[in-house]
Amino acid sequence: MPSYEHLSELLDPAVTVLLTVECQQGVVGPDSALPELARQARSSGALANIARLVAAAHESGIQVIHALAERRPDGRGASRNARLFHAAERLPVQQLSGTTAVRVAPPIEVAEEDFVVRRLHGLSPIQGTDVDALLRNLGCRTLIATGVSANVAIPNAVFDAVNRGYTAVVPTDAIAGVPADYTPAMIRHTLALVATLATTDEVLGCFERPRRR
């Protein structure tokens with residue numbers, strides 16, 4: 001884990017953005033299309049930790065972006081070039097635009113100043129979406145990646161961030177995947193090689209420092 005001084009330097013509010021990935025009701029909510037993932041996100045404490053980070057970011061003046069995945073009812077423009085997409089089409093709960101399934105899930109609160117970025121295709125919350133342009137326009141240098149899943153979208157987000165020149169910070173207890181033992185393996189063998197790892201409490205400790213005047 002990084003020293004407090006190093007992490008605090010990375011998490012300068014002026015250049016830091018907090019990203020939540022697919023923390024939507026149809027994914028991590030009670031009526032999830034992926035109940036095993038939803039249970040893991042909640043039982044591990046990841047969803048509660050994400051909510052804590054979002055609330056603290058709002059208090060600290062750190063920009064929050066919520067990246068959501070959805071599809072049109074007619075499926076137009078959706079990706080179909082991987083098994084995952086075909087499996088998603090058969091799920092009992094669909095992430096349809098305009099439905100409850102694609103709203104940010106409690107206990108995460110969306111503030112007026114937050115950005116909500118929706119994608120209709122692909123696996124990444126950054127590639128092919130407005131997120132990268134927003135980050136650049138915001139002057140972002142450090143991206144905090146939280147959410148689901150550690151199997152696909154989180155590593156995609158981290159790789160895309162690093163490839164675009166951002167420093168990625170991953171609060172290891174604010175991401176979730178399935179099965180339960182996969183997330184720590186992904187963190188140890190993959191994310192640790194490309195991202196700065198910390199706990200939610202360590203990140204919150206940096207958020208709560210006196211703000212520069």
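Author: The model is predicted.

Reader: Which residues of α9 are the buried ones?

Author: Helix α9 spans residues 200–207. Its buried residues are T200, V203, L204, C206 and F207.

Reader: What puts them on the same side of α9?

Author: The arc they cover around the axis is only 155 degrees, so they share one side of α9.

Reader: What does F207 touch?

Author: Skip the neighbours within four places in sequence. F207 then contacts L11, L53, A56, A57, S60, I62 and I144. Contact here requires heavy atoms within 4.5 Å.

Reader: Which residues have the most contacts inside the largest nonpolar core?

Author: They are L11, I108 and F207, in a core of 33 residues. At least two residues each come from α1, α2 (25–28), α3 (35–43), α4, β2 (63–69), β4 and α9. Helix α4 gives the most, with 8 residues. There is also a second, separate core of 28 residues, with V117, I154, V158 and I175 among its members.

Reader: Is the crossing of α7 and α8 left-handed or right-handed?

Author: The crossing of these two helices is left-handed.

Reader: Which residues make the contact?

Author: From α7 come I154, P155, V158, F159 and V162. From α8 come M186, T190, L191 and V194.

Reader: What do the buried residues of α7 pack against?

Author: They pack against β1 (16–21), β4, β5, β6 (175–176) and α8. The buried residues themselves are A153, I154, P155, A157, V158, D160 and A161. Just after α7, G165 has a positive phi of about 95 degrees.

Reader: Where is E22, and what does E22 touch?

Author: E22 sits in the loop between β1 and α2. Leaving out residues up to four places away in sequence, E22 touches V27, V28, A67, A69, R119, V148 and A153.

Reader: How far apart are E22 and A56?

Author: In sequence, E22 and A56 are 34 residues apart. In space they are 19 Å apart, C-alpha to C-alpha.

Reader: Last point. Is the peptide bond from P106 to P107 cis or trans?

Author: The bond from P106 to P107 is cis, and its omega is near 10 degrees. P107 lies in the loop between α5 (83–89) and β3 (115–119).

Reader: What kind of peptide bond joins V148 and S149?

Author: A cis bond joins V148 and S149, with omega about -5 degrees. S149 is in the loop between β4 and α7.

Methods. Residues are numbered from 1 along each chain as its sequence is written. This is a predicted model: local features need pLDDT of at least 70, side-chain atom pairs count only at pLDDT 80 or more; totals for chains, interfaces and linings use all residues. Side-chain values use heavy atoms; hydrogens and water are left out. Buried means under 20% relative accessible area, exposed over 50%, partly exposed in between (1.4 Å probe, protein chains only). Helices (H or I, at least four residues) and strands (E, at least two) are DSSP runs, numbered from the N terminus. The arc is that of the directions from the helix axis to the C-beta atoms. A nonpolar core is a set of buried Ala, Val, Leu, Ile, Met, Phe, Trp, Tyr and Cys residues joined through side-chain atoms within 4.5 Å. A crossing is left-handed if the near helix is turned anticlockwise from the far one by less than a right angle, and right-handed if clockwise.
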